Amino acid sequence: MNKKINLWERYLTKEIGIEFKACLYFFAILFFYCCYLLINKIYSASILIMAEMILSTYVIGYIQVWVFNNFDEADEVKGRELSGFIICSIIYILEAHFLGWFDKNLLALLIFAIYVVVLYVCVFFVYKCRRKIDDKLLNDNLANFKARIK
């Protein structure tokens, strides 16, 4: 049995990652949108805006993974990762403005811009912590395996 990962499995892994990323960012953006609506005493959300948000998170997920080397999951932030962080943040902000997610309210847009930056930073650190925990678990599993072999 061939234990190497083939091209299809590599592609599928990236697609699953993009799917997860889209769900994560969609939920975070939708949460902000709903908070904005509630603050303004609006108790229903636009399905069109939610569709724009989910489509946006998928497109930006592909950009993050295929163009900017999955910058939110990187070990450290360097040139390409920083560029991806800035460009993807700007895309979200421009979409929010031009698609009217926050009724062209500049204060809400500014707060959203800060929110997106904080969101990316938090996700970066969550993935970093997850990698440390995964490394620890893998090392523990390896030690247990070596102990069984002896």
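Modeller: We will take the helix pairs, then the pocket and the cavity.

Modeller: One caution: this is a predicted model.

Biologist: What is the hand of the crossing of α1 and α2?

Modeller: The α1/α2 crossing is right-handed.

Biologist: Which residues in α1 and α2 meet?

Modeller: From α1, the list includes Tyr-11, Ile-18, Ala-22, Phe-26 and Tyr-33. From α2, it includes Ile-49, Met-53, Tyr-58, Gly-61 and Trp-66. The contact has 16 nonpolar, three polar and four charged residues. Gly-61 is part of the contact, and Gly counts as polar under this scheme. Lys-14, Glu-15, Glu-19 and Lys-21 are in the contact too, and Lys and Glu count as charged.

Biologist: What makes α3 and α4 roughly antiparallel?

Modeller: Helix α3 (residues 79–98) and α4 cross at roughly 150 degrees. The cut-off is over 145. An angle of roughly 150 degrees passes it, so α3 and α4 are roughly antiparallel to each other. Their axes come within 10 Å, and the crossing is right-handed.

Biologist: How do the residues of the contact of α3 with α4 divide by class?

Modeller: Into 13 nonpolar, two polar and no charged. Among the α3 residues are Phe-85, Cys-88, Ser-89, Tyr-92 and His-97. The α4 residues include Leu-106, Phe-112, Val-116 and Tyr-120.

Biologist: At what angle do α1 and α4 pack?

Modeller: At about 145 degrees, with their axes 11 Å apart. The crossing is right-handed. Phe-20, Leu-24, Phe-31 and Tyr-36 are among the α1 residues that meet α4. On the α4 side, Ala-108, Ile-111, Tyr-115 and Tyr-127 are among the partners. The contact divides into 16 nonpolar, no polar and one charged.

Biologist: Now the largest pocket. Which element gives the most to its lining?

Modeller: α1 does, with six residues. α1 and α4 (106–149) are the elements that give two or more. The pocket has a volume of about 260 Å³. Its lining includes Arg-10, Lys-14, Phe-20, Val-65, Glu-73, Tyr-127 and Arg-130. By class, the lining divides into four nonpolar, three polar and four charged.

Biologist: How many cavities of 30 Å³ or more does the structure hold?

Modeller: One. About 30 Å³ of space lies in the largest cavity. Ala-96, His-97, Trp-101, Phe-102, Asp-103, Lys-104, Asn-105 and Leu-109 line it.

Biologist: What makes two of those lining residues charged?

Modeller: Asp-103 and Lys-104 are in the lining, and both Asp and Lys count as charged. The remaining classes are four nonpolar and two polar.

Note on methods: Residues are numbered from 1 along each chain as its sequence is written. This is a predicted model: local features need pLDDT of at least 70, side-chain atom pairs count only at pLDDT 80 or more; totals for chains, interfaces and linings use all residues. Side-chain values use heavy atoms; hydrogens and water are left out. A crossing is left-handed if the near helix is turned anticlockwise from the far one by less than a right angle, and right-handed if clockwise. Helices (H or I, at least four residues) and strands (E, at least two) are DSSP runs, numbered from the N terminus. Contact means heavy atoms within 4.5 Å. On a 1 Å grid over the protein atoms alone, a cavity is a set of points where a 1.4 Å probe fits but cannot get out, and a pocket is an open set with protein on both sides within 12 Å along at least five of seven lines; lining residues have an atom within 4 Å of a point. Grid points are joined across faces, edges and corners, and a volume is the space filled by probe spheres set on the points. Axes are lines fitted to C-alpha atoms, for helices over the stretch in contact, and angles run from 0 to 180 degrees between N-to-C directions. Angles under 35 degrees count as roughly parallel, over 145 as roughly antiparallel, 65 to 115 as roughly perpendicular and the rest as oblique.
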